[in-house]
Amino acid sequence: MNQATIGYRVFQAFLVAFLVGLGTFIMVRVLPGDLAYRIAAGRYGYDLVDSVAAEAVRLELGLDGSPILAFLSWFWDLIRFDLGYSLVTGELVRDAIFHELGHSVDLAATALILSLFIGPPLGLLAGFRPGSIIDRLVLASSVVFRSIPHFAIGLVLIMIFSIQAGLLPVAGHGHPLSRVLPALTLALGLAAVSSRIARDAMIKVRESDYYLFGRTKGLSESQVFFRHGLRNVSVPIITYLGMQFVYLIEGVVVVETLFAWPGIGHSLVHAIVARDIPMIQGTAFVMGLMFVFLNALVDFLNRLVDPRERVV
Amino acid sequence: MKTLLDIKELTVSGEKTIVHPVSLQVRTREPCTILGETGCGKSLLAQAVMGVLPSELRAQGRIFLGERDLLGLIPKQRRAIWGRELAILPQEPWLALDPTMRVLPQVKEGYMVAGAVSGASAGRLAQATLSGLGLTDAAGKLPSELSGGMAQRVAFAAASVGGAGILLADEPTKGLDAQRWQDIVDLLLQKVADGIGLLTITHDIGVARRLGGHVAIMCEGRIVEQGPAARVLQNPVHPYSKRLLAADPASWEKLGGRASNGVSPVIKAHSLGITRGGKQLFKHQNFSIAPGEIVGVTGPSGCGKSTFGDLLLGLLQPDTGTVWRDGSHPPLRYQKLYQDPPAAFPRSITIGQAVEDLIRLHALQPGIRDTLMDELRLQPELLDRLPEQISGGELQRFALLRVLLLDPIFLFADEPTSRLDLITQQEMMNLLVRCARERQCAILLVSHHADLIGKVADRLLFLGEEAISRDAAFSACHQTSPREHPVYGA
């Protein structure tokens, strides 16, 4: 990766930080309900909140002040990597996120690797015989798994593997096998798409002139596949991974909540319920940065696989 | 002479027969060339011999390679022949090279196929082969970094290193400029001299002429005539062969070469220079063109021929110098005719609609469309079709019609016939010349085809490094002094 690409990614990271910050800030302000009441409820419990407590919170956090000033001061803290304190627990947001991010990355990486073992191999298999039974089965299951939302896939998996078969834990984080079901839930959705990409890429490569030329040069079918097929098929699959991260990050929020996985998505949902603004902003900010980082990683991987120079 | 490949009564059929019984022999030291236009079935013939026909087509008859009938072999046995006994030089070298693999391994794997050599010595052999073809520096490059001619030589190396005794060359000169054209034909001749059997498929009469040996002319799935090249190409017997050979630009009557009539120019350019993609294409280029005049622009690929025309039209801005267009004509009368007709028409609306839209947009007389269609010999029923439903020649004539509707005073024709067949090309060029003379329209004609441009243009402009010497040579043989002299490095 050259300097221009890195520079571009850094610029992108700044832009993402700014826009995500602005977006979450506005959204939190326009959410229905009195901000001070919700924060107070988060701190003391819903039964114990009264207008006195809410007023105390309002004064303490300066919620009456100008929203523009509040935003600017938050953004100024942000670029110094000071994410502030949780309004609810008083914990440093940075520490909380750092802790949770590890769990999320663990889950997302497991899901991604799992999906790469499911999607592309099935896609290649289908691409070798377009129109065959395998191809149609892969198509049907990919439509099913992509169109069913995460929480539904997750619930079905819980019912089958945990409740019926009793093989895997329902939810939580303690057991080494706990990550299997949430990761599988995410992986199925990811594999649904990557199998299609792999299939179409395989068909295109197999129809290409260079694939035929490889054959007529005298290479065997497996030689042609490993020398001229695999690398060319990988390029679109890797490129598409970049776009799938949106799906992954969005999935993490739902799946972590469903499986009570103590990750960043789980805590984002809690933070939104409690109107814990620094937590919301911090989480969204880190997710945005992750997105930029992962896309840079995809760029890098693609460069390893595909020697052609591309213009950003 | 030994017969290497004996094709007997070979047919190719899908739902109906596409190639009718063809018999041909490829012998040592006698190149065999099949000459024909697009869609005549000549590429299918090559694919049938190789055994790579599309799955919906079937080959019948006999193809003897030595004692074996190829059509009697099971796919696995045929495949064992590929690269080792029978090799094919693919039609589009750029597409036939793996875009993500560097040149050396793509050539090297051909040696590994033969089985006798290890990886390291295959690498050395491949490097030596590339050096022998003047491609020493290309070994570490990717196909996208190669020029068309280099890609063709790399494909040539990759196809022939497996040691096959028979080489099928499918349109080996497609899209190459004059110098590269000659290089590749020489390479093929070298193979013949080495005792390799050569079967070439081409639409280019020049290739057939230069290869010599045995020539078969193919039309609509049949070989209408075959025999020694000297006889078939000099004294064709079949009416189609006669027509095809007469359409070779080298055999055309001279259409251009008119002396300038002293009319004041419509476009004048002074000291033009431009850099594109970091490369100085030309500088200090002067130019002028008068109504009714045809100026041919030629030069090796990538020398900026199309760029030059776009500069005159104002589609691009020069880095240095000025372009003056006669302001008494509206800008609409400066027009361009594109190389690839299907790309110049919207795909999903009928041609009639496309033409109608133009007439409405510029409030033209509806009657002139019919007059022009008569003139260009276009049938009215074509108007209801989509661009992909008519032939390339018809579509290019519609492109010309679309331009003529605007009554151009200057027309930049950018390789207008390079995608057309010979006979269609001749018709199109005749129309262009007529349009210049009758309508007093100045035409800037870009073509990589030296014969063609020599016959059509009144004057030539050479772009590229050999510009000065070639320009002088041309003026010497035409006894007219070109008014423009490109000056390089001054």
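**A strand and its neighbours**

Modeller: Gly36(B) stands opposite Met218(B) in strand β9 of chain B. The model is a predicted one, in which local features need pLDDT of at least 70 and side-chain atom pairs count only at pLDDT 80 or more, while totals for chains, interfaces and linings use all residues. Residues are numbered from 1 along each chain as its sequence is written, and chains are lettered from A and ligands numbered from 1 in the order in which they are written.

Biologist: How many bridges join β3(B) to β9(B)?

Modeller: Strands are DSSP runs of E with at least two residues, helices are runs of H or I with at least four, and both are numbered from the N terminus. Two strands pair if DSSP finds at least two bridges between them. β3(B) and β9(B), the latter spanning residues 214–219, run parallel, and the number of bridges joining them is five.

Biologist: Which residue stands opposite Leu35(B) in β8(B)?

Modeller: β3(B) is also joined by four bridges to β8(B), residues 197–202, and these two strands run parallel. Within β8(B), the residue opposite Leu35(B) is Thr202(B).

Biologist: How many residues of β3(B) are buried?

Modeller: A residue is buried if 20 or more other C-beta atoms, placed from the backbone, lie within 10 Å of its own. On one side of β3(B), Cys32(B), Ile34(B) and Gly36(B) are buried, and on the other Thr33(B) and Leu35(B) are buried as well. For this strand, residues 32–36, the count is five of five.

Biologist: How many helices does chain A have?

Modeller: Chain A has 312 residues, of which 38% count as buried. Its secondary structure includes zero strands, and the number of helices is 12.

How values were computed:
A residue is buried if 20 or more other C-beta atoms lie within 10 Å of its own, exposed if 12 or fewer, and partly exposed in between; C-beta atoms are placed from the backbone.
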